[in-house]
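Welcome! Here is a short tour for anyone opening this structure for the first time. Keep the view at hand as you read.

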Amino acid sequence: MGLLSRLEKLDRRWLYAILAALVIGPMVRPLYFPLEVSAPVRGFYDAIRQVPDGSTVLMACDYDPSTRPEMVPMTMTAMRQLFDKHCKVVVTVLWNGGPGIVDQTLRRVASEYPDKRYGVDWVNLGYKAGYEAVMVLMGQGIANAFPVDYGNHRTNDYVALPIMQNVRDYSSFPLLVSISAGYPGTKEWVQQVNSRFHIPMISGSTAVQAPEFYPYLQSGQIRGLLGGMAGAAEYEKLRNERGSATRGMDAQSLAHVFVALCILLGNLVQWRKRRGVAA
Amino acid sequence: MKREIPLFITAAIGLFMILSFFVPHQLVSVPADFLQQCAIIIVAFGYVLGGANVLRVNFDAIYKRQSGWPYKAVLVGALLVTVIIGITDGAGWQDPPTRSMWIYNNLYSPMQATMFSLLAFFIASAAFRAFRIRTLEAGLLAAAALLVMLGRVPIGNYFTQWLPHSLHLGTIQEWIMTIPQNAAKRAILMGAALGVMATGLRVILGIERSYLSGEE
């Protein structure tokens, strides 16, 4: 029996086993393929770099645990870059499964900066139901849309949350950082907020979503884009960090090569089969 | 009147919200703000309605012993246990030592991650068994898919770094994403935007009535 005949009858569990090995292997022993930084990622990095030091930035973290490997590394690196510039960060979540993972991520980064205090240097306003309606309402006043933060402090209590003293509406922010995994996310922030309130914006999204945002990138509505784990890894490279995205890229590289081989081999098998039938 | 009043409310509020986009005066912005608050409250009530609906549908299926009813029993049990624990945890339920956060960190989070991770295996299997190149269009799609898939990851550039920069897989995939993909995506976006505008106008003008008891 030839190789192609064997492949035709291949048990799919072999495919699963090979893929699992290709993903787990580089996690245990990284290969560190060289990364090349793309223009959209550099745009993301530069947009934060150009924000005046010490200003207050709005960060919309719209994801849940299902997209943790893609979203968490870019959230962490963006937060670090903002903290390094002494920026204050106001975080919102519009996904009902997201507040827990977002809060854990923010606290992890904040713990690396002993001088950064909750309520003074950053605040997590938590989750609010309402999708686009919340985005528009924030334009009338941030405290209007989020009367309390994630820890149930009133957002107009400037003793508990001094950071909110200088936060009124979108005009208080020189930049909106949208880290999103779907609806509502970057697309809705562009449509409802960027086009209406003219706040400069950058986006980090899942790899699946990223192609959808290229028109916004080209039109200048978003100034930079991190597409999936690859984007997060390139961003880490720009920041001289070696985080989980960089470590994950080897696994993703090998998995992509394997899927490409699956497409080619699958078609080769079918082509041979059709030729055999025709003959 | 049963239909005319909802149609009138829809038209009036729809036109008012369009007006609020262009007129920032307090006379318009304050009521618009109130309506936005109302929309958020209605969405929040939607969650209650959704929860009640899940219970009704699944209780019914369990009672009638429909196929897969044990899974539905697990679903209903998990839903009720999570809600009851959330209520008993009280206002500080989001603080890490609570049982609610234990459920979030040790059940919800890993299960969501598992569901998403399984996609990789399905994609590998589908790539081998279902992605058939039988026409020129399918061939072009496959070629673009392979170039983007390999160009998006560092290994693509690693194996083509001996070529001129314009022939690196990363450069080729960036060109595909920026030019042909972007053109197609922009056309889809414009088409969808026109569709949304047309549907919005039809609703405001009372031509589209499917939201009223399913009437066309």
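**A first look inside**

In this predicted model, the largest nonpolar core has 79 residues, and those touching the most other members are Val57(A), Met59(A), Val89(A), Val90(A), Val91(A) and Leu176(A). Helix H4 (residues 68-84) of chain A gives the most to this core, with seven residues. A second, separate core of twelve residues includes Leu19(A), Leu254(A), Ile263(A) and Ala127(B).

**Chain A as a whole**

- Chain A has eleven helices and six strands.
- Its C-alpha trace spans about 80 × 35 × 35 Å along the principal axes.
- Of its 279 residues, 49% count as buried.
- If you take the contacts in chain A between residues at least 6 apart in sequence, 72% of them join residues at least 24 apart.

- Strand E5 (residues 201-205) of chain A is mostly covered, with five of its five residues buried.
- In a regular strand, side chains alternate between the two faces of the sheet.
- Both faces of E5(A) are covered: Met201(A), Ser203(A) and Ser205(A) are buried on one side, and Ile202(A) and Gly204(A) are buried on the other.
- With strand E4 (residues 176-180) of chain A, E5(A) pairs in the parallel sense over five bridges, and Ser180(A) stands opposite Ser205(A).
- From E4(A) the chain passes through helix H8 (residues 186-197) of chain A to reach E5(A), in a right-handed β-α-β crossover.
- E5(A) also runs parallel to strand E6 (residues 225-227) of chain A, joined by three bridges; here Gly204(A) stands opposite Leu226(A).
- Another right-handed β-α-β unit is made by E5(A), helix H9 (residues 214-219) of chain A and E6(A).

**Where the two chains meet**

- The contact takes 49 residues from chain B and 49 residues from chain A.
- On the side of chain B that touches chain A, the elements giving two or more residues are helices H2 (26-63), H4 (99-129), H5 (136-151), H6, H7 (169-178) and H8 (180-204) of chain B.
- Which of these helices gives the most to that side? H4(B) does, with 16 residues.
- By class, this side of chain B has 30 nonpolar, twelve polar and seven charged residues.

**Backbone details to look for**

- The peptide bond from Tyr183(A) to Pro184(A) is cis, with omega near -10°, and Pro184(A) sits in the loop between E4 and H8 of chain A.
- Asn152(A), in the loop between helix H7 (142-145) and E4 of chain A, has a phi near 70°, a positive value in a residue other than glycine. Is Asn152(A) buried or exposed? Asn152(A) is exposed, with 12 other C-beta atoms within 10 Å.
- In chain B, Arg65(B) has a positive phi too, near 50°. Arg65(B) lies in the loop between H2 and H3 of chain B and counts as exposed, with 8 C-beta neighbours inside 10 Å.

- Chain B has a mean pLDDT of 91, and 98% of its residues reach 70 or more.
- Within chain B, confidence is highest in helix H3 (residues 69-89), at a mean of 95, and lowest in helix H6 (residues 154-160), at 90.
- For the complex, the predictor gives an ipTM of 0.86 and a pTM of 0.91.

Key. Residues are numbered from 1 along each chain as its sequence is written. Chains are lettered from A and ligands numbered from 1 in the order in which they are written. pLDDT is the predictor's confidence in each residue, from 0 to 100. Helices (H or I, at least four residues) and strands (E, at least two) are DSSP runs, numbered from the N terminus. A residue is buried if 20 or more other C-beta atoms lie within 10 Å of its own, exposed if 12 or fewer, and partly exposed in between; C-beta atoms are placed from the backbone. Two strands pair if DSSP finds at least two bridges between them. A crossover is right-handed if, with the strands pointing away from the viewer, the path from the first strand over the helix to the second runs clockwise. Two residues are in contact if their C-beta atoms, placed from the backbone, lie within 7 Å. Ala, Val, Leu, Ile, Met, Phe, Trp, Tyr, Cys and Pro count as nonpolar, Asp, Glu, Lys and Arg as charged, and the others, Gly among them, as polar. A nonpolar core is a set of buried Ala, Val, Leu, Ile, Met, Phe, Trp, Tyr and Cys residues joined through C-beta atoms within 7 Å.
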